[in-house]
Amino acid sequence: MDPIFLTPVAVVIVSLVVMVIMKKRHRAAQAEINLDQERGHYASYKDELLNRDFSFLKTWMGGKAIDAFSSGSVPQSTADKVQDLIGDGLKNVALSTVGVKLRRVETDAFWVLSGKDLHFLTADTDGDLEEHLVFDNFRIEKARLQDGGVLKTQLGFYAKQAEADLPKVQLITFDIDGQPMTLEIHDRLRYAVDPSDVLNLMKLHQIRAKYQVVGEGLLAELKSRFSNL
């Protein structure tokens, strides 16, 4: 047989071997992380991430206190609804009371709990602040939370990962002058892997654990301050 025909077979075999090895290493690195112990470092992790990876939030918040923070997103259904309302000319009565535009669903978004106010901040395609909505305690006291399951936009990326690794969302629905508006609160901060860290699996899992611990803190703080949630 011509050796050239064996090359694709060899590539497939090597790829499978590398995949199996990397999977085992991922599991071994993950097993080294004890999330319960990591949660004990919540306060220091929050300060660390706020001063490093998410320092821009302090600028976006204009000096207001950041008691807890996590990632968020705009459900496609909400974006469609806002777009429809804008098209129907109905937004100015209800949605403008919180300055709602929310027509983008694919860029980064964050929740920040500051005292009794819940801030929703979205980035534009350049990573700069685009929207800053503030839900005060009166709106939060009328809001409701429900389990939203796994973050739908992440299903493709995370399809082959363990269930425990999948970001999960809580749907928070506000009453905006009779108009329900639902947004998503993630149970962890969105983690974009630095390409230079791809092979450092222990570092990847340690960073991911910090992002999860800090993100979880937002929902815990929110529920502790608002008994209706």
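A: Let's begin with confidence: the protein chain has a mean pLDDT of 79, and 69% of its residues reach 70 or more; pLDDT is the predictor's confidence in each residue, from 0 to 100. Over residues 89-94 the pLDDT is below 50, and this stretch has 8 contacts beyond near neighbours in sequence, a contact being heavy atoms within 4.5 Å. Where pLDDT is low, the predicted coordinates should not be read in detail. This is a predicted model, in which local features need pLDDT of at least 70, side-chain atom pairs count only at pLDDT 80 or more, and totals for chains, interfaces and linings use all residues. Residues are numbered from 1 along each chain as its sequence is written, and side-chain values use heavy atoms, leaving out hydrogens and water.

Now the sheet. It is open, with 7 antiparallel strands in the order S4-S3-S2-S1-S7-S6-S5; strands are DSSP runs (E, at least two residues) and helices likewise (H or I, at least four), numbered from the N terminus, and two strands pair if DSSP finds at least two bridges between them. S4 (129-135) and S5 (144-150) are the edges, each with a single partner strand, so one side of each lacks a neighbour in the sheet.

Further in, S1 (residues 68-73) and S2 (residues 109-114) pair antiparallel over 5 bridges, with Phe69 opposite Val112 in S2. Leu57 touches both Phe69 and Val112, and also Leu50, Ile66 and Phe110, not counting residues up to four places away in sequence.
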